[in-house]
Structure formats: structure tokens, C-alpha cells
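Dear colleague,

Please find below the structure that I am handing over to you.

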Amino acid sequence: MTDLTDLGSSAFWRVNPRDADPLETREWLEAFDAMIEAEGRERATYLLRRLLDHARKRRVQLPPVLNTPYRNSVGLADQPQFPGNLELEQRLSSIVRWNALAMVVRANRAYPELGGHIASYASAADLFEVGFNHFFRAGPAGEKIGAAGGDLVYFQPHSATGVYSRAFLEGRLSEAQLAHYRRETGSAAGEGPPASANGPAHQGQGLSSYPHPWLMPDFWQFPTGSMGLGPIQAIYQARFMKYLAGRGMLDTAGRKVWAFVGDGEMDEPESLAGLSLAARDGLDNLILVVNCNLQRLDGPVRGNGSVIQELEGLYAGAGWNVVKLLWGSDWDSLFARDDDGVLLQRLHETVDGEFQTYAATDGRFNREHFFNKYPELQALVAHMSDDDIDRLRRGGHDPVKIYAAYHTAMHHRGQPTVILAQTKKGYGMGHWGQGKMSTHQQKKLDLEALRAFRDRFSLPLSDEDIEQVRFFKPAAEAPEMKYLHARRQALGGYLPARSAVAPKLEVPALSQFARMLEGSSGREQSTTMVFVQMLAQLLKDAVLGKRIVPIVADEARTFGMQTLFRLVGIYSAFGQLYEPEDHDELLYYKEAKDGQILEEGINEAGAVSSWIAAATSYSAHGTPMLPFYAFYSMFGFQRIGDLIWAAADSRSRGFLIGATAGRTTLAGEGLQHQDGVSHLIASTIENCVAYDPCFGYEVAVILQDGMRRMLREQEDVFYYVTVMNENYVQPPLPAGAEEGIRRGMYLLRRSPLAAGAKAGGAKNMPRVQLLGAGTILREALAAAEILEQEYDIAADVWSVTSFTELRRDGLECEHWNGEHPADPRASWVEQCLAGARGPVVAASDYVRAVPDLIRAWVPGTYLTLGTDGFGRSDTRAALRRFFGVDAQGIARVAARAATRRG
Ligand SMILES: Cc1ncc(C[n+]2csc(CCOP(=O)(O)OP(=O)(O)O)c2C)c(N)n1
């Protein structure tokens, strides 16, 4: 047998080193067996532990103990009886496979640019189907403790075709919908009205490329299309379900979160980001299935090693229950006869690049290159024909083995489970796709390949059906169709299905926030403090209090939120097993099983995943929650923008609070921390309502309105509100300002000089309109004083709470006016500035592109000031001077513009 020590570190995960003294080894093993026989497995574990301790003391190098042999974790003896009808399930999965393939082939025949994938679902089909037939429970999400709710399934995104295909058989999607896979706008000739910029997001009857709740709100629950976001969202969803239960909000016992991910996808940092949390919190409601077809897009995932062994070590090391699902039932007898371990040895020395080749070749090739390597192995398969060898299935293609693995995972307690399922990419696509290097991109199959597929899966399709690539659905009374429906009925209904049924909640009236509306009576206060006060008040609200989910990523003290630790506690699956260092203080660090705060540590991706779970709880659990995730604004849209995009797709409802916001307001932290862009990025997200308020009363109006829209009106929007750490006196709410605050701008200061001018004084006195946002509004107010005192220029000052909302309103008016030329509407910007004289100068703590968003609706001269470029450290005053957004800078620009005109 080969000496495997020369295989190098790439084979580290597989290799069993050479046995220098087999006889001695056997004696040790026999003694070990005898001990197990006599004293049981527990004693064996104890002895092993002692032996390991002893070996460590003697400085003996330990083997990688987290890896188990390259075999199924569930042994034949522990395998449960398969409860289904294998023949009918086989027939069903073949039909689902066909329709999934047909969708892609038809779409690309007609329009080659549409794309799509065949090979991924071909590898995942059996994994999905066993779930659908035996495990995924559906059920209405419920408000009440004890209400049954279904399982939540995160599907591997580019296998969406298989989910559509099954829903077609179930009668939930029509043939026309399948025929419109990846054609969603309905804008082709004769297919309904063209989608307009402001029209409904989804007008056509087409199916989205990947799972997108935004596009198919009755169907998809969880967006997974961006690799890595599925696994992290699933982990935090499972944790959120424990949180809901821990807090007595909802009984989530028995419900599972299933997530199907690719082995290539496991390379994403987000895929791994939640691993230790899942184990730490003992998320036994989570089952992650990694579809290990050993390939990703370009080639093998670990050509020179073993992705399965690597992942096993990783998950086991993090504390997960690992179930390997590697070989189908036909391997059982081979392993049973593998007395000298030669089969296992051969598997261990084979790297994934070779396994791929074995997947792409036939039985004869496999015999010659895999089995014939050692005489003992050759003998092991001597009784098998090449076809028999060809038919040896990998675990992820054998429903019996899949069932056994899922069953084990379902009954495991105290840990999350990962199932490492070995499959073949492009399974059943023959030499046109199976195991081929380029199979991921395969979108078209010729007639010969389609016929071969039909024969391979015994599909009752004529040559004509094949030529037309017709979808196939058996008659309603066909036994497989009855079986399909019966299975789903037994499991509570059909899924995926997204619901938005949840109670509408009453939110406090604005008047209840009198403290914030009245101003700070001369005391200096930051908007962050106002936000925290408001949050503290909301936590005591009779209706909303328990639904608030404060979330932080280790910055609570930065934002002055530590007072909440004691007030509502920090959620911990284990309560508090230690006496906190500050226990004798009033506001000590309190962890509790029913704690309300989610303290995620330095993990923005995890924190926003928690936020998504809470912000979509109205849908996934029928239980509306109101999450506030407060973070360093620079580490939001920029750092974890893709997750926020997924949140938007998920129709999240909740508040993102960008704290320590602004490029010159967060003074000393410098280039990496100072945010001048988040509002620009926020403006690109259709359902993100973003505000950059300056004063506490503006924060109060915005948050109250947000709660109203999201919880009472149940609009699918979420809010991004920036708050700052600069302290200044908070003025009271000016009479009648609410509407302007909500719509994006209002007149805060009318120039006293201009009032005099009206009365007949300086009639032609130059005048300017200053627009200020965030703390830069205060610079605009100061600039107005300078203009009046030093330049004799009258200046009106407008507080702009949201350039992005103003733009949205402008675009809507534009669209309306295009459709209704006889009944034109003016945008809010136009309405506000209609009677205003003089050039308009806007300044904010963000890049100039932010105020530029409203340029189209500003009459006359419009000059914008901002903080373009990189941030840097200095005092606020120096930074504002540097970027030209200080009072002097604004005044200078305004004066020049006013006098030029004058
Ligand atoms: C963040 C991100 N990067 C890249 C892609 C493009 N992409 C889609 S599928 C895929 C390969 C996936 O391989 P794997 O996870 O092994 O799944 P398989 O198709 O092999 O089952 C890639 C790179 C993506 N969807 N998301």
C-alpha cells in the first residue's frame, strides 16, 4: 500500500498514516473492543480522555481528533426504517428533475441571455425531495403561545428551479409561470403592461431567478441568492426563535430551521460567521445541509484535499453535531466486507479532484482507476459488473440514507446539526454534465442529451415531448400525485409559502413623546441621547414594550445605551452563570434567559442578521417585533450592505440606527470611521426610508411615523435614521413642522431681514435659501446670521431631514405628471421653494451627491456643499472648515451666489 506521508498537507484531512506494526495495532484494538463489550461506551470515552491527557503530558503529537472516517455517520445498525414509498418518490423526483431542467432549457432556447442552472439542482434534488416528503413541516405562524408554526427552509439559491418545479406539481404554480422563468417584468409584447420606474415591483407572471420575497411575496420567504447570506441568516433565525421562546413571546419548540447551502458557498466569510454562536447557544432547532458535490462554479472546491473532511473538522471544532452522509445503500455491503480497511484507505487517499473525475466517468473507468489500485479492493468488487459500479450512489442521492441522516438530525438535542451530504454535480446529466468541469454553466442540452436524461430517469415522455421540452405533470389521480399531496398534507401543507398575516399594532401618539418634542431647555444633548431616551420610553409602552428588540454589536456604551442592560437585560440562552464585576452598581451588566437586548459582540453581519429575523418576524412567525439595531454608521451600509439589501428583499420592518454618524461630527476617529456615504447608499434601496435629522424633535417625529407606517399600516418599509454624538441645545418642535419633517424639509428660520424688506425696507435686498441637514443644519443657521450681519443678505434656513425622501417624492410627481398632463402635481421641494427668492445652497455632512439628489426640483441656482473625499482626524470645527461645510464656508458660497445674481 502507498506511503501516504508524502501526500503533503493538502491531504491532511483525509490521511490515515501508514501502519508500521499491524499486529500490535490489532492487539490494541481487540483489547479496546473487549473493554467496550465488558464496560460500555462511556467507559471507553473516559479511557480515551485519560489516554489523550497522558499523551499530551508525554508530548506525543495528537492526530486530528475532530475527523471521523470517510463513511456515513449513521451506521447500518442505527439506520431507521425508511417510511415512504421509494418507487413513487423516485418517480416524483424524476419528474421534478425534468421540469426544473426544462425551465432552464426552454428559457435559454428562446432567449440565450436569460441564464440559469441545471447542474446544481441535479445534485440537490434528492436532498430537497426527502425533506419535502418527510420532514419540512408547514403550518400557520402564530401569535399565541402554543400555536403551531411551520419549519423555515432556506433553499440553495441556484436550485430554485427544483422548488418551482415541485410547486408546479403541487398545483401552486402554473405552466405559464414556469414558462416565464426569469422573465418577470411582463413587458414583452402581449404580456401585460410594461413595468414603470414607479410601478409595482412585480407585474409579470414570471418566476424570479433566485429566492426573492420582494419579487414573489407569497412564495419565497428568505433571500439566499448572494452566497453566504443564507447560512448566516438561518443561524440567526434559529437563535431568534429561541429568543422569542425565552422571552415568552412565542412557543417555537419543535420548529426547525433548515438551510441548504453549497460546499463552495462555505468559503464565504458569512457562511462561517455564525458557527460558534450556533453551538454556544445550543441551537438544536437548526439543521444545515451542505450539498457537497465537490464542485463550485469554476472547478473543484478542494481539488487537492477534501472539503467534507475539512468542514467536518471546522464544524466539530466549533461544537456542532456533524452527520456525514457520504455513501448510498449499495456501498453498505462493500464496507461490511472491508475487513482490512482497504476500501476506507482508498477513499482516504482519494482527493476531491479525483472524486470529480470518478463522477464524470463510467463504471469501467471507476473500476480500473479506483478499485483496481489494490488487489484486495479489486476482489471486493469482483462480483459487480461495470454497470453495477456505475450505479453505486453517493449518499446525497439515496433517499434511504438521506432519511437516516435527517432523522438523526431531527432527534439530536443540545447542538445544531450540519449534514455533509456528498453528491455529484449535474447528477444524471451523463457525459453532457455530470461531474464536468464546466457543468455549472450548462444551460442548454441538445436532443440527444435530453433523450438520455429521459431514459436515465425513466420519464414517460415521447420524442415529441422531448423536442418541445414540454413540462410534464401526471394526472391528478396518478398514484404519485396522490402520494405527493398526501405527504404534504401529513406535514401540514405546502411550502415555501410566505405569509404577511400578523396583527396590526397601535403605536403611541406623537404627543406621548412630549419630552423629546419640548426640547432640552437649555441643556446640551445629542440626538443619540434623544434616541436612547425614546427607546427607553418605548420599552415601557404597554403595547410595544415587549416587541422592541434592541440590538447592538458591542457599541452600547459608545451610544450611551448601557442603561438598558439592567432595564431589560441582555438575552442569553444560559442566563447569567457569573456574578458581574459591576453587580453592586444600579445599572449592572445583566444577562438573562428572558433578556430583551441582543448583544452580538463585534459582529455587524451577525447583528444585522438578528435584525432581519426580528424585522421579518411578522411574516415568519406572525408575531410583529420592532427591532432597533444601533451601529457605527460607517459599519452599516458600507460594511454589510449586502445583508441590508437582503433585508430589503425580505420586506423587513424595523429601524436601523446609524449612530456616531457624519464625516465631521465623529471628529477624532478618522478615515475609517467617518461616514460620508451611508445616505447615498441608502437612497439606492427602494423600501429604505432614510433620514438625517438634526434635532431631537425631528428624531421623535420620524420614529413615531416609522412605527405607524410599519406596525399599524403594515407597509413593507424599513427606516435608516442617523443620530450623532455632538451635544447641543435641543430646541422645541416648531408649530406645524411635522409634515415637513416627515416629507423631508421644512422652513426652520425665515430671515428677519426679509420680513423687514417686505414691509417696504430694503426692497431689492439679496436673499438666499440655505438647506442644512444633520448637524450641518446648525452651521447653516450660523451662516444665516453671518450673511445677515456681515453681508446684508437675507437668509432663510430650511431643515432637510431627508434628501432621499425628497427625491423619491420628486420622482413620483414626475411620473404622475407624465401620466396626467392635465392634472400636474408639484413636488414637495417645488412646493417649499415656490415663493422663496434667491439662490439655494445645500450642505450636509455627507458627500455632495446626497444634496444633489434633489437638483431636478430646485428652482434657479442650486449649489451643494459636502464632505467628499476621505475623512481624517481633527476637531469638528477644523474638519468642517476643511470640507467647507462650516458656517463661514456656507456663508461665503451663499454670498457669492447671491451677489452674482444680485
Ligand atoms: C456573493 C456571491 N458571489 C458569487 C455568486 C455567483 N455564484 C452563484 S452559484 C456559484 C457557485 C456555487 O457553488 P457551490 O456553493 O458549491 O454550489 P453548487 O452549485 O456547486 O451546488 C457562484 C460563484 C453569488 N451568487 N453570490
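**Charge, overall form and local details**

The chain carries 94 positive and 109 negative side chains, and the centres of these two sets are 3 Å apart. Please bear in mind that this is a predicted model.

Overall form

In secondary structure, the chain comprises 36 helices and 20 strands. Its radius of gyration is 32 Å, close to the 29 Å that the globule rule gives for 902 residues, so the chain is as compact as a globular protein of that length. Along the principal axes, the C-alpha atoms fill a box of roughly 110 × 70 × 50 Å.

Of the 902 residues, 58% count as buried. The accessible surface of the chain amounts to about 36300 Å², and carbon and sulfur atoms account for 51% of that surface. As for contacts between residues at least 6 apart in sequence, 78% of them join residues at least 24 apart.

Cysteines

How many disulfides does the count give? The count is zero, taking a disulfide as a pair of cysteine sulfur atoms within 2.5 Å. In general terms, a disulfide is a covalent bond between the sulfur atoms of two cysteines. For Cys-832, the closest cysteine sulfur is that of Cys-813, and the separation of 12 Å is too far for a bond. Cys-832 has a relative accessible area of 14%, and it therefore counts as buried, the limit being under 20%. Cys-688 is likewise classed as buried, because its relative accessibility is 1%.

Helix H35 and its surroundings

Helix H35 spans residues 876-883, and its buried residues are Ala-878, Leu-879, Arg-880 and Phe-883. Among the elements that cover these buried residues is helix H31 (776-791). After H35 comes Gly-884, which has a positive phi, near 75 degrees.

The loop at Val-351

Where does Val-351 lie? Val-351 sits in the loop between helix H12 (342-349) and helix H13 (352-360). Val-351 and Arg-182 are 169 residues apart along the chain, and their C-alpha atoms are separated by 37 Å.

With kind regards

Methods: Residues numbered from 1 in each chain as written. Predicted model: local features only at pLDDT ≥ 70, side-chain atom pairs only at ≥ 80, totals over all residues. Heavy atoms only, no water. Helix = DSSP H or I, 4+ residues; strand = E, 2+ residues; numbered from the N terminus. Rg over C-alpha atoms; globule rule 2.2 N^0.38 Å. Buried < 20%, exposed > 50% of the residue type's maximum accessible area, 1.4 Å probe, protein only. Contact = heavy atoms within 4.5 Å. Areas by Shrake-Rupley, 256 points an atom, 1.4 Å probe, with all protein chains shown as cover. Lys, Arg positive; Asp, Glu negative; His and termini not counted. Charge placed at Lys NZ, Arg CZ, Asp CG, Glu CD.
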